[in-house]
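Visitor: I would like a close look at a single part of this model. Please keep it brisk.

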Amino acid sequence: MDRTVYLNGAWVAEGDAKVSVFDRGFLFADAIYEVTAIIHGKLVDYPGHLARLKRSLDALGIAMPVAEAELLDLHKEIARRNGIEDGLIYLQVSRGVQDRDFVFPEAMEPTFVMFTQTKKVLDNPKWKTGLSVKTVPEGRWSDRQIKTVQLLYSSLRKTEANRQGYDDVLFVENGHITEASSANFHIVTQEGVLVTRDLSNALLHGITRGSILHLARQADLKVEERAFTPEEAKAASEAFVTSATSFVTPVVKMDGVTIGNGEVGPISRRLLDIYIREQLSAGIPVAD
Ligand code: PMP
């Protein structure tokens with residue numbers, strides 16, 4: 001791999017991109033991130049990711065590392081420098097570097113990193129087969145609307161589930177599903193209503209979730225934002241997850257129970273198609 005990485009104002013070869021061991025991102029997971037997909041040279045849902053980046057930074061009291069206009073230019077440039085037509089841009093901002101101390105000063109200089117990953121975003125085999133998921137107890141901290149890098153609990157549960165033959169996990173708290181390890185979870189009832197967890201600090205406010213709900217309403221689907229149980233999900237006619245790199249991916253099995261007829265449902269398929277079509281036309285091109 002010979003990617004060019006952006007690190008604190010400089011373009012560097014990935015092998016030379018080094019962050020201090022005293023960085024609070026490393027010592028305290030005191031950092032937030034965003035992931036933006038690129039399809040056919042277009043940034044997917046960029047304005048939403050920018051808005052959430054600002055909310056996450058505000059919530060932790062970390063300054064925006066660069067001006068907004070520069071951030072968009074950096075997205076375009078990193079895609080161009082790495083020849084990414086289809087893939088993703090990862091960005092992370094940590095509070096910065098200081099001697100290890102639980103207490104941090106008000107003003108610190110953030111550490112800002114961006115890198116790309118090539119991924120065949122539009123060629124996802126799970127769009128054809130659907131996912132098999134498993135419910136597990138919610139065990140993350142309570143401010144899940146902030147997109148922090150403290151992903152250990154999710155990583156441990158997903159790895160465990162993968163080794164047991166599941167594709168992902170669904171977190172359950174007080175009898176209700178919050179979300180998947182790195183995606184929002186939605187069901188379509190037997191009556192054709194799209195039900196998704198309402199927004200709160202219980203879950204990440206997915207950018208793809210927001211766009212899909214908007215498109216669903218435009219397509220005259222009835223949408224309900226409320227908590228729902230694993231039992232309601234197992235009785236659904238369709239289920240799917242949404243995220244920046246998986247878009248709309250069907251879920252066909254939950255705790256071994258088949259959802260609907262076990263195949264990719266028509267509503268999931270239609271929302272995926274509409275979303276791709278919209279982003280291919282409305283996405284911001286990385287080449288000017
Ligand atoms: N929930 C969690 C916990 C996530 O990590 C993600 C993806 N990062 C999502 C939901 C989906 O959010 P988005 O659509 O903005 O990628």
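Which residues in helix 6 meet which residues in helix 8?

Guide: First, the ground rules. This is a predicted model, where local features need pLDDT of at least 70, side-chain atom pairs count only at pLDDT 80 or more, and totals for chains, interfaces and linings use all residues. Residues are numbered from 1 along each chain as its sequence is written, and side-chain values use heavy atoms, without hydrogens and water.

Now the contact, meaning heavy atoms within 4.5 Å. Helix 6 brings Thr208, Ser211, Ile212, Leu215 and Ala216. Helix 8 meets them with Leu271, Ile274, Tyr275 and Glu278. These residues divide into 6 nonpolar, 2 polar and 1 charged. Here Ala, Val, Leu, Ile, Met, Phe, Trp, Tyr, Cys and Pro count as nonpolar, Asp, Glu, Lys and Arg as charged, and the others, Gly among them, as polar.

Next, the geometry. Helix 6 spans residues 207-218 and helix 8 spans residues 266-282. Helices are DSSP runs (H or I, at least four residues), numbered from the N terminus. Their axes come within 10 Å and cross at roughly 105°. Axes are lines fitted to C-alpha atoms over the stretch in contact, and angles run from 0 to 180 degrees between N-to-C directions. So helix 6 is roughly perpendicular to helix 8 (65 to 115 degrees).

Thr208 also links to another site: Thr208 is among the closest of the 17 residues that surround the ligand (a heavy atom within 4 Å).

Note on methods. Helices (H or I, at least four residues) and strands (E, at least two) are DSSP runs, numbered from the N terminus. Angles under 35 degrees count as roughly parallel, over 145 as roughly antiparallel, 65 to 115 as roughly perpendicular and the rest as oblique.
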